Amino acid sequence: MTKTVMEKVKTNDEQHLYSSIFDSTSVVQFKEKILHHLLSSQGRDPLRAGKRDVCMALSYALRDVLVKKWIETQKTFYTKNKKRVYYLSLEFLVGRSLGNSLINMGLLDEVSEALHQLGYDLEDIREIEEDAGLGNGGLGRLAACFMDSIATLKIPAYGYGIRYEYGLFYQKLINGYQVESPDNWLRYGTPWEFERASYVFPVHFNGKVNSYLDKNGNYRAEWVDTDDVMAMACDILVPGFNNDHVINMRLWTARASRELDLSVFNAGDYIRAVQSKVKSETISKVLYPSDDIREGQELRLRQQYFFVAATFQDIMRRYNKANDTFDRFSDQIAVQLNDTHPAIAIPELMRILLDLEGLSWEKSWDICIKTFAYTNHTLMKEALETWSVNLLGRVLPRHLQIIYEINQRFLDQLIVQYPGDTRRQREMSIIDEGETRRVRMAHLAIIGSHSVNGVAELHTHLLKTKIFKDFDELYPGKFNSKTNGITPRRWLLKCNQGLAALISDKIGTDWVTDLDELKQLEQYAVQPAFQKNWQQVKIDKKKRLAKLIREVSGVEVNTDSMFDVQVKRIHEYKRQLLNVLHIIALYHRIISEPDKEITPRTVIFAGKAAPSYAKAKLIIKLITSVGEVVNNDPRVGDKLNVVFIPNYNVSLAEKIIPAADLSEQISTAGTEASGTGNMKFSLNGALTVGTLDGANIEILEEVGAENIFIFGLTAAEAEYERLHKSRTPVSIYEKNPVVKRIVDSIGQGMFSYGDKGLFQSIVDDLLNENDPYLLLLDLESYLDCQETIGREFRNTSLWTEKSILNVARMGKFSSDRTIKEYARDIWGIEDV
């Protein structure tokens with residue numbers, strides 16, 4: 001019988017690493033733990049328990065072990081008194097915790113056998129768990145990978161965010177349209193968290209600021225008459241990989257304060273008095289409320305300050321245990337801002353140090369800069385977060401005062417350094433003095449941090465030379481690059497156990513914590529027996545995904561076809577539309593040239609569009625409409641299928657990614673900061689078709705130009721075309737009959753039952769000379785590239801060799817490497 005990965009791990013020379021944590025744990029004992037929690041935690045008769053009961057009981061049993069190790073880890077933090085990292089992120093897209101915990105705790109085989117003896121299958125039980133709806137996309141998934149690496153590397157750190165009751169949304173497809181419904185991921189509760197009722201902090205909003213001079217003649221401010229919300233801590237434990245180290249994400253949930261508005265209450269309106277308190281709890285109800293209305297914008301700002309204010313009260317509580325002054329604050333504390341969402345932390349720390357602790361401005365600002373570091377995640381200026389001065393001043397009046405003071409001192413510095421340069425003052429100011437005055441949160445984060453990092457080499461280069469060129473000139477050395485990474489524990493060891501076992505058979509298991517070890521696979525890339533086993537793993541994963549596709553969409557797909565996959569947030573810059581144009585070209589060729597050889601494809605989409613993003617939702621409708629025509633045309637047969645799998649989440653990604661042959665990473669060059677989906681696909685043996693954008697460039701450098709398919713304009717060429725328009729979409733449309741036929745078939749209603757108006761706005765965008773995403777300018781190159789891909793896929797041995805080499809050369813893209821660089825270069829933690 002073939003051994004599992006974990007069995008292989010336990011037979012190597014480092015067996016003690018995998019057994020020392022649970023040396024007394026046995027299958028029998030775990031059965032007893034599960035039965036115990038069925039009774040004590042679930043209140044169920046074990047003989048009548050269902051799969052959900054067993055899933056919960058098993059999770060509680062694992063949590064029992066985790067919390068003991070977490071307590072020991074915390075004791076170590078205090079004993080060694082080392083610098084601690086606080087990773088602030090509005091999202092943590094953790095997915096399911098059960099399987100990941102089993103892998104990292106080294107208990108996969110024991111628990112699987114215990115469940116088997118109880119009459120259950122581990123895979124069935126794992127499918128019961130809800131995905132934790134705590135994130136939107138790449139930003140939150142990156143944060144979750146970072147938590148795994150931080151725990152595995154034994155870095156003293158915490159993740160801080162919000163415990164959303166409702167996730168982004170649950171996506172359904174009705175008549176091909178996206179329809180949103182609430183993602184109540186907590187409706188059955190979650191066994192993975194500890195509610196910490198002893199850690200409840202008040203968070204203030206609104207009110208007014210009173211100013212006065214203290215006894216030394218110093219200006220002081222007092223924030224009074226506020227509306228208060230209580231923040232209660234909820235801890236989710238994160239185990240490192242087989243190392244006894246367990247950290248926690250501390251997520252805040254809103255609770256109403258005890259006090260009622262007595263004026264309302266005494267007037268006899270008890271209901272309104274209670275309602276105002278209940279309303280305060282909406283802060284942590286939903287992930288990212290729609291911000292296209294004023295109420296949504298305000299709630300989003302309140303969310304950001306809510307978790308920042310609670311976090312800093314927790315940081316101060318912990319720091320003050322061992323310190324009487326703030327002289328060592330930045331030596332003991334590093335705060336990483338994951339994008340601008342937590343940037344309000346800068347004026348919040350200043351408020352604490354100035355107003356509550358009585359420090360001088362100069363001392364407080366020095367502490368701030370040394371404490372904060374900021375990660376930027378976007379190249380799109382319209383995506384850089386801003387808040388109206390009026391809104392911020394009403395919700396957080398003291399913070400606006402502090403921001404004004406920060407900005408004035410900054411502008412004074414600019415005047416000295418660049419006398420008479422009003423352009424710099426205007427464009428670098430924290431306050432945008434436009435028609436509606438707005439606070440530029442990215443500028444605040446840059447000015448208030450000692451480090452600003454991009455998340456890929458190209459991204460950082462564009463930040464320094466385009467987006468924040470003036471800031472880079474003012475602060476030489478502050479900007480740096482930290483290319484994103486992914487955790488190999490979840491994105492290979494867990495989600496692709498067949499491939500992980502095959503790899504471990506050849507090179508051992510050290511790659512799990514040192515991904516550079518995969519380099520050893522290169523020697524087997526052309527070995528026929530190894531290639532055959534590699535191909536079989538892929539086929540098995542494709543069959544599993546084909547079964548899921550049949551269940552959710554009713555479409556029967558050809559598992560011998562190329563699985564051509566694009567799964568990510570639906571957005572115009574990610575160019576799912578470009579992929580659709582290629583599908584239409586293939587469809588036309590199959591119909592008009594039925595005897596011409598063509599590589600069969602199954603094109604798979606998944607992803608959510610923001611509820612208020614009408615164009616992205618129309619692109620989903622186009623995808624499903626094209627799929628309906630293609631999948632039901634008997635002339636096509638099994639040569640082409642188009643599938644949109646609804647409700648994309650982490651667990652679905654773990655099923656789709658291992659089955660992919662081709663990974664579509666086709667954003668317009670210069671728009672994607674990094675991307676991590678590209679890394680996950682390559683680590684699982686898919687070949688990439690992509691532009692020279694984000695981390696695609698570094699993947700190209702690592703895997704070699706012959707093992708990746710690159711097309712389209714570079715970032716510099718894209719910028720040139722936007723400015724000079726050497727070619728226009730209309731000229732391409734008129735000169736290229738293939739392109740013309742594609743666009744016309746959309747406009748003439750081929751995929752909308754003759755309704756020419758349904759997708760007319762898409763046609764208009766394609767032909768618009770100001771199309772910012774340059775779809776038709778890249779289409780010809782994309783079609784040619786896809787032609788090459790189709791030919792190469794038919795050469796099974798060559799394709800498999802390229803697949804093996806992609807995996808072998810993915811060492812750079814481990815989040816362990818990324819976190820080591822953060823620790824060394826930004827956080828000042830050397831002994832990782």
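Tutor: Helices (H or I, at least four residues) and strands (E, at least two) are DSSP runs, numbered from the N terminus. This is a predicted model, in which local features need pLDDT of at least 70, side-chain atom pairs count only at pLDDT 80 or more, and totals for chains, interfaces and linings use all residues. Residues are numbered from 1 along each chain as its sequence is written, and side-chain values use heavy atoms, with hydrogens and water left out.

Student: Where is Ile 415 found?

Tutor: Ile 415 belongs to helix H16, which covers residues 397-417. Its relative accessibility is 41%, so Ile 415 counts as partly exposed. Buried means under 20% relative accessible area, exposed means over 50%, and partly exposed lies in between (1.4 Å probe, protein chains only).

Student: What separates the C-alpha atoms of Ile 415 and Ala 500?

Tutor: A distance of 59 Å lies between these C-alpha atoms, and the two residues are 85 residues apart along the chain.

Student: And Ser 429, is that buried or exposed?

Tutor: Ser 429 counts as buried because its relative accessibility is 5%. Ser 429 sits in the loop between helix H17 (422-428) and strand E13 (431-432).

Student: Which residues does Ser 429 touch?

Tutor: Leaving aside residues up to four places away in sequence, Ser 429 touches Asn 407, Leu 411, Arg 424, Arg 440 and His 443. Contact here means heavy atoms within 4.5 Å.

Student: Strand E13 came up. What order do the strands have in the open sheet?

Tutor: The open sheet has three strands in the order E12-E14-E13, and their pairing is antiparallel. Strand E12 (386-388) and E13 stand at the edges with a single partner strand each, so one side of each has no neighbour in the sheet. Two strands pair if DSSP finds at least two bridges between them.

Student: How many bridges join E13 to E14?

Tutor: Two bridges join E13 to strand E14 (residues 438-440), and these strands run antiparallel. Asp 432 has Arg 438 in E14 as its bridge partner.

Student: New topic: how many salt bridges are there?

Tutor: The count comes to 61 salt bridges. A salt bridge is a side-chain nitrogen of Lys or Arg within 4 Å of a carboxyl oxygen of Asp or Glu. Side chains of opposite charge can pair when their charged atoms come close.

Student: Which side chain meets Glu 123 in a salt bridge?

Tutor: That partner is Arg 126, at 3.1 Å from N to O. Both residues lie in helix H7 (residues 122-126), three residues apart, which is about one turn of the helix. Glu 123 is partly exposed because its relative accessibility is 33%, whereas Arg 126, at 10%, counts as buried.

Student: Which residue forms a salt bridge with Glu 473?

Tutor: Lys 469 does, and the closest N and O atoms are 2.7 Å apart. Glu 473 and Lys 469 are four residues apart in helix H20 (residues 469-474), again about one turn. Glu 473 is partly exposed at 34% relative accessibility, and Lys 469 is partly exposed at 39%.

Student: What about Arg 550 and Glu 556?

Tutor: Their side chains meet in a salt bridge of 3.1 Å, N to O. Arg 550 counts as partly exposed at 36% relative accessibility, while Glu 556, at 54%, counts as exposed.

Student: Finally, how many residues of H25 are buried?

Tutor: H25 is mostly covered, with 14 of its 18 residues buried.
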